[in-house]
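Welcome, and take a moment to look over the model below. We will walk through it step by step, starting with its helices.

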Amino acid sequence: MSTTTATVTNSSEAPPSLLHQPKSVWAVAFASVIAFMGIGLVDPILKPIGEQLDATPSQVSLLFTSYMLVTGVAMLITGVVSSRIGAKKTLLTGLAVIVVFAALAGSSGTIAQIVGFRAGWGLGNALFIATALAAIVGAASGGVARAIILYEAALGIGIAVGPLVGGVLGNISWRAPFFGVAALMAVAFILIIVMLPSAPKPEHRTSIAAPFLALRHRGLLTVAITALLYNYGFFTLLAYTPFPLDMGTYSIGFIFFGWGLALAVASVFLAPRLQRRFGTLPMMMVALALFALDLAMMAAFTDNKTVLIVGVVLAGLFLGVNNTLITETVMISAPVERSTASAAYSFVRFVGGAAAPWVAGKLGESNIHLPFWVGAVCTAAAILVLATGRKVLAHVDEHDPEPHSVDEALAVTAGDAD
């Protein structure tokens with residue numbers, strides 16, 4: 001009788017607060033915020049870098065291209081590395097690489113040096129983001145779902161705050177944001193050494209060939225090519241828009257802060273509700289169509305700064321919805337491990353989309369409207385590609401979207417790193 005009573009009492013107890021977490025969880029979450037700040041951190045300083053280092057928009061845009069290219073390739077090896085040395089050592093390796101290359105970028109004297117050091121930064125970021133959520137899941141209280149909420153909050157804060165921090169520090173010097181990231185990542189490195197306990201190495205070792213073999217599945221390949229095409233529009237928006245806006249670092253920082261905030265809100269709050277009401281694939285197509293129209297509007301009115309500002313912020317809503325839904329689709333698009341599917345998907349979309357910033361900058365040097373038009377066309381093409389795979393992806397809308405395993409949590413980490 002007493003056993004039954006105890007059971008009932010325990011089952012009726014309220015779950016622990018989301019904020020009541022071990023220090024190790026907050027250490028990884030803090031590092032995650034800083035890591036995702038790096039995505040939009042350079043937006044406000046693109047023009048100052050170009051002006052002070054006598055570089056063209058296409059040359060400056062290579063800061064994104066080198067970062068994305070190395071991140072995409074590195075996604076192929078992150079599983080191999082973490083399955084051999086464990087999550088903590090992989091996190092620390094990634095953080096150390098970011099600290100070194102962010103500091104070197106801030107010390108650069110030429111645009112070529114910054115581009116090269118941003119590539120090294122991309123390697124560190126890939127190693128970190130591929131294991132961050134797995135570390136949070138392993139240490140958090142309250143289960144996997146709560147750990148994912150914490151991670152998504154860190155991701156959203158990082159993406160939103162990155163441009164703002166870049167604008168504030170960039171007003172001092174274009175070098176300051178790079179040194180700021182290096183300093184904050186060094187703090188995160190120390191916190192993780194001290195607070196995050198070491199976990200045993202995974203029993204299963206990942207093969208480097210696994211992501212390539214996974215792409216033989218039509219569903220996964222369809223989603224990856226869809227992401228490659230809409231990423232062209234995404235990184236055109238991110239890397240090129242600061243040039244026609246032609247505003248100060250504070251202004252650019254606040255504008256892209258609005259974009260990041262909209263993206264975070266849409267990812268966490270809008271996407272799940274729209275998914276439940278309209279279905280995953282239909283909602284993805286709607287979000288992509290709205291983003292394509294948004295880019296077309298920016299192409300038609302590139303001379304109007306108000307239109308560009310509104311277009312940037314609205315894009316955050318559409319991209320936030322699509323990013324969440326397409327990531328969940330990747331997880332169940334092929335009968336392979338979720339981490340393998342995510343690595344294959346990330347490789348295709350990042351490596352394929354790496355050319356977008358440079359091409360957009362090059363096109364913009366001759367016609368300021370053309371980069372947005374090309375981005376809109378590529379995003380529209382993504383809808384057509386997704387439509388061709390509706391039959392092989394029909395099972396997606398029958399799947400429960402609620403994350404339910406550590407493997408899925410790890411894969412979502414890599415997939416959300418857009």
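Helices here are DSSP runs of type H or I with at least four residues, strands are runs of type E with at least two, and both are numbered from the N terminus. Residues are numbered from 1 along each chain as its sequence is written, and side-chain values use heavy atoms, with hydrogens and water left out. Please keep in mind that this is a predicted model, in which local features need pLDDT of at least 70 and side-chain atom pairs count only at pLDDT 80 or more, while totals for chains, interfaces and linings use all residues.

With that in hand, find Thr 90, which sits in helix H5 (residues 87–106). Is Thr 90 buried or exposed? Thr 90 is buried, because its relative accessible area is 0%; the word buried stands for under 20%, exposed for over 50%, and partly exposed for what lies in between, using a 1.4 Å probe and protein chains only. Neighbours within four places in sequence aside, Thr 90 is in contact (heavy atoms within 4.5 Å) with Val 81, Ser 82, Ile 85, Leu 127 and Thr 131.

Now step back to the whole chain. It has 18 helices and zero strands. Of its 418 residues, 56% count as buried. Among contacts between residues at least 6 apart in sequence, 88% join residues at least 24 apart. The accessible surface, from the Shrake-Rupley method with a 1.4 Å probe and, for residues, only the protein chains shown as cover, comes to about 16,200 Å², and 68% of that belongs to carbon and sulfur atoms.

Next, look inside. A nonpolar core is a set of buried Ala, Val, Leu, Ile, Met, Phe, Trp, Tyr and Cys residues joined through side-chain atoms within 4.5 Å. The largest one has 116 residues, and those with the most contacts inside it are Ile 49, Phe 178, Leu 220, Trp 259, Leu 319 and Tyr 345. Helix H10 (residues 218–240) gives the most to this core, with 13 residues. At least three residues come from each of domain 1 (22–206) and domain 2 (207–399), with bounds taken from an automatic or database domain assignment. Beyond its neighbours within four places in sequence, Phe 178 is in contact with several residues, including Val 42, Ile 45, Ile 49, Leu 63 and Trp 121.

Finally, turn to charge. Side chains of opposite charge can pair when their charged atoms come close. How many salt bridges does a search of the whole structure find? There are three, a salt bridge being a side-chain nitrogen of Lys or Arg within 4 Å of a carboxyl oxygen of Asp or Glu. One joins Glu 51 to Lys 47, with the closest N and O atoms 3.9 Å apart. Both residues lie in helix H3 (residues 46–52), four residues apart, or about one turn of the helix. Glu 51 is exposed at 59% relative accessibility, whereas Lys 47 is buried at 19%.

Lys 47 also meets Asp 246 in a salt bridge (3.4 Å, N to O). This pair links distant parts of the chain, 199 residues apart: Lys 47 is in helix H3, and Asp 246 is in the loop between helix H11 (242–245) and helix H12 (249–278). Asp 246 is partly exposed, at 44%. Elsewhere on your tour, Glu 365 and Lys 362 form a salt bridge (4.0 Å, N to O). Shared partners join Lys 47, Glu 51 and Asp 246 into one network.
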